[in-house]
Each structure stands twice: as C-alpha cells, then as structure tokens.
Amino acid sequence: MIPQADGMEMIALHLKLPPDMLRVVDDLARRRDVTAGQIVRQMIADGIRYEAQRAKTPVRADEQLLAPLRARLAQDLAHTANWHDLQTRLRAQGVEFRPAGGGLTLHRFPGGDRLCKASELGYSYARLVQRFRAGFPGHAHTWVADRILTQKGGPEGPPHEDPVLIEGD
C-alpha cells in the first residue's frame, strides 16, 4: 500500500493499455497538470458513479409466470367493456391492475404482490386507454391518457375492435 497526503491508502494496480489509449491519458494529464494515475482514478470513479446513478433495468416478469397469466386472463382482457368491468373480471381471477409510473401493473388481489406490467401481458396502458376512451380511474398521470386520446393517426374505427382484413380472390 502507498500512503497518500490526504490519508487515503492506495493499492498499486498495474494496467496494460493500448498505446493509443495511453497517449490520450498522458495528454489529458499534461493538459490538466496532474499525473496519469489521477486521470485513470478519476475516470474509474466517474464510471462507478455513472453505474450507480443510471436507471436500473425495469423489473421484468419471468416468462414462466407470464404465459399462464396471459392464457388465464386472455378472455377477460379481450372482452371487457370498460375499466370497471375489467377490474371486476380481473378481481374474480384473483388479480387487479394498479397505476404504476405512466402505465399499469398487475397485482395479486387482495394480497397486492406485483406480478408484471400490463404491457407484458400484451395490453399496454396506451392500448387500453384507446380501447376504453378513458384513463385508468385514479391514475396519477392523467396527462398520459390525455396525450393518448388526443393523438392523431390513431386506429380507425371503434377503439375496441380489431381491424378486419378482407382479401380478394
């Protein structure tokens, strides 16, 4: 270990760098009037800070959980008339939607354990808002539904119907 003036002990680390990279580090050190070691330590510290602060990967449900859920809820999700009807049907199946960020997540009902995102079931919040022509009751981000409902170029025809493809002979 190497004692430092600021009291922090340092451990020597030997790195192998390509010549081009070493030249860049040396140039930076010369311009900043510091050592190459200080440049490398600062870059490592910046990288560690970046990794600690960057957005975490969203929690994704396991496909082994999703497939049975999709199958079990398919009829209810496909044939509901409105948000109230959907929640009633889902609760009868032991689950419910809850607002989460700009969308919805599926939770056990009444327990509350989070299972997955609505979009992971194939029903994004945007798709459901378009279909029901309303935002989820009590959703804090009302602007999301407002934006979805005022977008131009949405699906033609009633939002709850899937398009029908008729091919000629």
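Predicted model: local features only at pLDDT ≥ 70, side-chain atom pairs only at ≥ 80, totals over all residues.

Trainee: Why is the pair of Trp-83 and Phe-132 called edge-to-face?

Mentor: The ring centres lie 4.8 Å apart, which is within the 6.5 Å required for a pair. The planes stand at 70°, and an angle over 60 degrees counts as edge-to-face; therefore the pair of Trp-83 and Phe-132 is edge-to-face. The pair joins distant parts of the chain, with Trp-83 in helix α4 and Phe-132 in helix α5, 49 residues apart. Both Trp-83 and Phe-132 are buried.

Trainee: What makes Trp-83 and Phe-136 an aromatic pair, and of which kind?

Mentor: Their centres are 5.1 Å apart, with 85° between the planes. The limits are within 6.5 Å for a pair and over 60 degrees for edge-to-face, so Trp-83 and Phe-136 form an edge-to-face pair. Phe-136 is in the loop between α5 and α6, 53 residues from Trp-83. Trp-83, Tyr-125, Phe-132 and Phe-136 form one aromatic cluster.

Trainee: How do you know that Arg-91 lies over the face of Phe-109?

Mentor: Arg-91 is 5.0 Å from the ring centre of Phe-109, and the distance rule asks for CZ of Arg within 6 Å. Arg-91 is accordingly listed over the face of that ring.

Trainee: What makes β2 and β3 a strand pair?

Mentor: Three bridges join β2 to β3, and the strands run antiparallel. At least two bridges are needed, so β2 and β3 pair. His-107 stands opposite Arg-114 in β3.

How values were computed:
Residues numbered from 1 in each chain as written. Heavy atoms only, no water. Helix = DSSP H or I, 4+ residues; strand = E, 2+ residues; numbered from the N terminus. Phe/Tyr/Trp six-rings, centres within 6.5 Å; stacked < 30°, edge-to-face > 60°. Buried < 20%, exposed > 50% of the residue type's maximum accessible area, 1.4 Å probe, protein only. Lys NZ or Arg CZ within 6 Å of the ring centre and 35° of its normal.
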